[in-house]
Amino acid sequence: MPGYASAAIDALPAVPTRLFSRQLALLLLTGALGMTTLNLSLPILPLTIAATGDRAAAGVVTALVAAFTIVFELRTAALLRRLQQKSLLVLAMLIQAIAMAGFAGFRGLPAMLLFGALAGAGFGV
């Protein structure tokens, strides 16, 4: 059976010699920017909401961000079946950008809940 094993090894596809590519660099950069967006906003978000006078709302909005992140992480596979990877990644970044602009521009609780949900959805994807 030595001939069978060598034939199976010869049938394997060639392994690329270069691991680091332009696509990998772009993927790492995009992931780093997405993490930076969330990590810069998440610690400040409760303080911003608490400044409106309702300290309990700070926890509610932060929990909403976390909940939507988990929900959309679980739905990402289904979304990838419908959309291309690049389209989904750009959509997630746009959703996060809208959420961050909303946090900067609006201070009411309903708006904060909406933009918290958007931030969680964008980060979850």
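The crossing of helices α4 and α6 is right-handed. This description refers to a predicted model. Two packed helices are described by the angle between their axes and the distance between the axes. For α4 and α6, the axes come within 7 Å and cross at roughly 30 degrees. Angles under 35 degrees count as roughly parallel, and α4 and α6 are therefore roughly parallel to each other.

The contact of α4 with α6 involves residues from both helices. On the α4 side, A57, V60, V61, L64, V65, F68, T69, F72, E73 and T76 take part. Their partners in α6 are L109, M112, L113, G116, A117, G120, A121, F123 and G124. By class, the residues of this contact comprise 13 nonpolar, 5 polar and 1 charged.

Helix α6 itself covers residues 109-124. The buried residues of α6 are A111, M112, F115, G116, A117, A119, G120, A121, G122 and G124. These buried residues pack against three helices, namely α3 (44-50), α4 (55-82) and α5 (85-105). An α-helix has 3.6 residues a turn, so residues three or four places apart point the same way.

The packing of α5 with α6 was examined in the same terms. The two helices pack at an angle of about 155 degrees, with their axes 8 Å apart. Angles over 145 degrees count as roughly antiparallel, and α5 and α6 are therefore roughly antiparallel to each other. The crossing of α5 and α6 is left-handed.

In this second contact, α5 contributes A92, I95, Q96, I98, A99, M100, G102 and F103. The residues of α6 that they meet are M112, F115, G116, L118, A119, G122 and F123. The residues of the contact of α5 with α6 divide into 11 nonpolar, 4 polar and no charged. M112 and G116 of α6 are listed in the contact with α4 and also in the contact with α5; both residues are buried.

T30 lies in helix α2, which covers residues 22-41. Its relative accessibility is 19%, and T30 therefore counts as buried, the cut-off being under 20%. Leaving aside residues up to four places away in sequence, T30 touches L89 and M93.

How values were computed: Residues numbered from 1 in each chain as written. Predicted model: local features only at pLDDT ≥ 70, side-chain atom pairs only at ≥ 80, totals over all residues. Heavy atoms only, no water. Helix = DSSP H or I, 4+ residues; strand = E, 2+ residues; numbered from the N terminus. Expected span 1.5 Å × (residues − 1). Buried < 20%, exposed > 50% of the residue type's maximum accessible area, 1.4 Å probe, protein only. Contact = heavy atoms within 4.5 Å. Axes fitted to C-alpha atoms, helices over the stretch in contact; angles between N-to-C directions. Parallel < 35°, antiparallel > 145°, perpendicular 65-115°, else oblique. Left-handed = near helix turned anticlockwise from the far one by under 90°. Nonpolar A, V, L, I, M, F, W, Y, C, P; charged D, E, K, R; others polar.
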